[in-house]
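Subject: Structure handover and notes

Hello,

Please find the structure below, for you to look over when you have time. My notes follow it.

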Amino acid sequence: MTRAGAAGDTNSLDTDVVAVGESMVTFLPSRPGRLADVPSFERGIGGAESNVACALAAAGHRTRWVSRVGADGFGDHLVETIGHYGVDTSAVGRDPHRPTGIYFRTADDRGTDAHEVVYYRAGSAASAMSPATMPYDALWSGRVLHLSGITAALSADCLALVRDLCDRKPGRRSLVSFDVNHRPGLWRDGDGADVLLDLARGADLVFVGEDEAAAAWDVTGGPAAVRAALPEPAVLVVKQGARGATVFAADHATGCDTTTFAPALSVDVVAPVGAGDAFAAGFLSATLRGLPAEHRLRHGHLMAAAALTVPGDLATPPSRAHADTLAALDPADWETLRLGPGWTAADPTRATAVADEEVRTS
């Protein structure tokens with residue numbers, strides 16, 4: 001098993017994005033109410049990193065999801081469903097001793113006290129991901145390696161894996177993308193804030209919410225303050241909720257950052273889930289295509305708008321031509337654009353649709 005790949009031209013790699021992390025089977029209630037009162041559930045799947053891989057595959061990129069699942073029917077369902085989106089799942093390991101993680105949630109809005117989520121992921125197959133159990137050939141086979149802070153929180157072995165992948169080793173040929181995804185409830189010791197900051201410092205491209213930075217690191221004062229706290233990544237994307245997002249990109253010629261802001265879109269929200277993963281997918285898609293910074297942010301907003309206007313996490317993305325047209329709008333037209341349910345299906349350049357099944361994992 002090879003560990004880190006040798007230095008070389010990333011364009012020669014056989015995959016655009018490799019996403020690493022746990023996906024779980026989720027049980028969605030047949031009607032609103034307490035979990036104790038819901039009589040039946042429908043099965044779906046959820047996982048932050050696999051969401052990114054699926055969205056990118058639906059947008060025409062070559063993606064691979066690397067993880068571990070149990071040697072059980074739920075593991076079969078995860079691999080088959082994620083593969084349905086066009087994601088390469090050949091490097092997913094099957095663990096005969098540990099189960100696939102599952103969780104149940106209520107139909108109530110996540111912002112209310114009535115919302116319940118119950119996880120059965122302790123001791124899952126994915127929690128045994130480690131430098132010793134993962135196929136490094138596959139991990140380093142993409143132009144981009146995408147990780148999140150959720151994986152680091154699952155176990156000591158998972159943290160060791162993410163630390164190893166975020167280590168700035170000589171010859172690292174994949175661009176390492178890291179979504180902070182601060183989930184205090186997943187960490188057994190503390191809230192993981194210091195660990196996440198350390199991991200982010202080793203990545204090349206980091207996604208973090210302005211609210212996350214305030215909650216985790218007590219960093220306030222806007223995107224510039226977040227950049228001051230996290231100067232190491234070549235690219236830092238600070239998500240600012242309904243206001244928009246700012247990207248800082250290191251300019252090696254001047255030794256300074258170029259800073260770009262793109263306002264968010266007006267969206268008729270159907271379900272406020274999945275937008276963060278979708279934004280990362282849109283930004284990564286535009287990055288892989290070499291688009292300018294403003295268009296990278298706008299593609300992130302467009303992919304997030306697709307997710308926000310459907311009930312689940314994953315939506316049919318706009319066609320590349322449609323997204324490029326919208327991303328090229330002048331500022332006045334962009335700021336007055338409003339998107340609602342079905343906006344991607346209304347794209348005349350799109351001939352097929354991808355089923356929506358994913359739901360957020362935490």
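Threonine 81 sits in helix H2, residues 73-84; helices here are DSSP runs of H or I with at least four residues, strands are runs of E with at least two, and both are numbered from the N terminus. The side chain of threonine 81 reaches the backbone oxygen of histidine 77 at 2.8 Å. With a relative accessibility of 11%, threonine 81 counts as buried (buried is under 20% relative accessible area, exposed over 50%, partly exposed in between, using a 1.4 Å probe and protein chains only).

Before going further, the basis: this is a predicted model, in which local features need pLDDT of at least 70 and side-chain atom pairs count only at pLDDT 80 or more, while totals for chains, interfaces and linings use all residues. Residues are numbered from 1 along each chain as its sequence is written, and side-chain values use heavy atoms, with hydrogens and water left out.

Salt bridges

A salt bridge is taken as a side-chain nitrogen of Lys or Arg within 4 Å of a carboxyl oxygen of Asp or Glu. By this rule there are 20 salt bridges.

Glutamate 22 pairs with arginine 121, and their closest N and O atoms are 3.0 Å apart. This pair links distant parts of the chain, 99 residues apart: glutamate 22 is in the loop between strand S1 (15-20) and strand S2 (24-29), and arginine 121 is in the loop between strand S8 (117-120) and helix H3 (136-139). Glutamate 22 is buried at 5% relative accessible area, and arginine 121 is buried at 10%.

Glutamate 210 forms a salt bridge with arginine 243, with 2.2 Å between the closest N and O atoms. Because glutamate 210 belongs to helix H7 (residues 210-217) and arginine 243 to the loop between strand S12 (235-239) and strand S13 (244-251), the pair ties together parts that are 33 residues apart in sequence. Glutamate 210 is buried, its relative accessible area being 17%.

Arginine 227 forms a salt bridge with aspartate 257, where the closest N and O atoms are 2.7 Å apart. Here helix H8 (residues 223-229) supplies arginine 227 and strand S14 (residues 256-263) supplies aspartate 257, so parts 30 residues apart in sequence are tied together. Arginine 227 is buried, at 8% relative accessible area, whereas aspartate 257 is partly exposed, at 31%.

Glutamine 240

The loop between S12 and S13 also holds glutamine 240, which is buried at 11% relative accessibility. Leaving aside residues up to four places away in sequence, glutamine 240 touches Glu210, Pro223, Ala245, Thr246 and Phe261 (contact means heavy atoms within 4.5 Å). From glutamine 240 to glycine 47 the separation is 193 residues in sequence and 23 Å in space, C-alpha to C-alpha.

Helices H9 and H10

The axes of H9 (residues 275-288) and H10 (residues 293-308) come within 7 Å and cross at roughly 145°; axes are lines fitted to C-alpha atoms over the stretch in contact, and angles run from 0 to 180 degrees between N-to-C directions. Residues making this contact include Phe279 and Phe283 of H9, and Leu297 and Met303 of H10. The contact residues divide into 11 nonpolar, 6 polar and 1 charged (Ala, Val, Leu, Ile, Met, Phe, Trp, Tyr, Cys and Pro count as nonpolar, Asp, Glu, Lys and Arg as charged, and the others, Gly among them, as polar).

Regards

How values were computed: Polar contact = N/O pair within 3.5 Å; in protein donor to acceptor, adjacent residues only side chain to side chain.
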